[in-house]
Amino acid sequence: MDGVELLTALEVGRLLKCSRSQVYALRRSCLLPQPLQLFPGSRGVRWLRSDVEAWILSTHSQQIEQTDPRAFVPIDIRKN
């Protein structure tokens, strides 16, 4: 398991630029990849950095694909 990095909810929040409670809200709504349970029966969880980064990239690429290029129409504000 060389190169595997586990992140706490606080660290995931820093990557996502949100709070720790928002990370748990994303987890509950199944929008964020599910974390790994540290020990059977424990409440301690960690996210794989690679999973979180892949989720960020896939979410970002979906948002770009859903953006209508015609939505932005430049307006010439200069008066002739």
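Me: How many bridges join E2 to E3, and which way do they run?
Reply: Two bridges join them, and E2 and E3 run antiparallel. Strands pair if DSSP finds at least two bridges between them. Strands (E, at least two residues) and helices (H or I, at least four) are DSSP runs, numbered from the N terminus.

Me: What stands opposite Leu36?
Reply: Arg46 in E3.

Me: What is the strand order in the sheet?
Reply: E1-E3-E2, an open sheet of three strands with antiparallel pairing. The edge strands are E1 and E2 (36-37), since each pairs on one side only.

Me: Is this a predicted model, or what is it?
Reply: It is a predicted model: local features need pLDDT of at least 70, side-chain atom pairs count only at pLDDT 80 or more, and totals for chains, interfaces and linings use all residues. Residues are numbered from 1 along each chain as its sequence is written, and side-chain values use heavy atoms, leaving out hydrogens and water.

Me: New topic. Which residues make up the largest nonpolar core?
Reply: Nine residues: Leu7, Ala9, Val12, Val23, Leu32, Val45, Trp47, Val52 and Trp55. A nonpolar core is a set of buried Ala, Val, Leu, Ile, Met, Phe, Trp, Tyr and Cys residues joined through side-chain atoms within 4.5 Å.

Me: Leu6 in E1: buried, exposed or in between?
Reply: Leu6 is partly exposed, at 40% relative accessible area. Buried means under 20%, exposed over 50%, partly exposed in between (1.4 Å probe, protein chains only).
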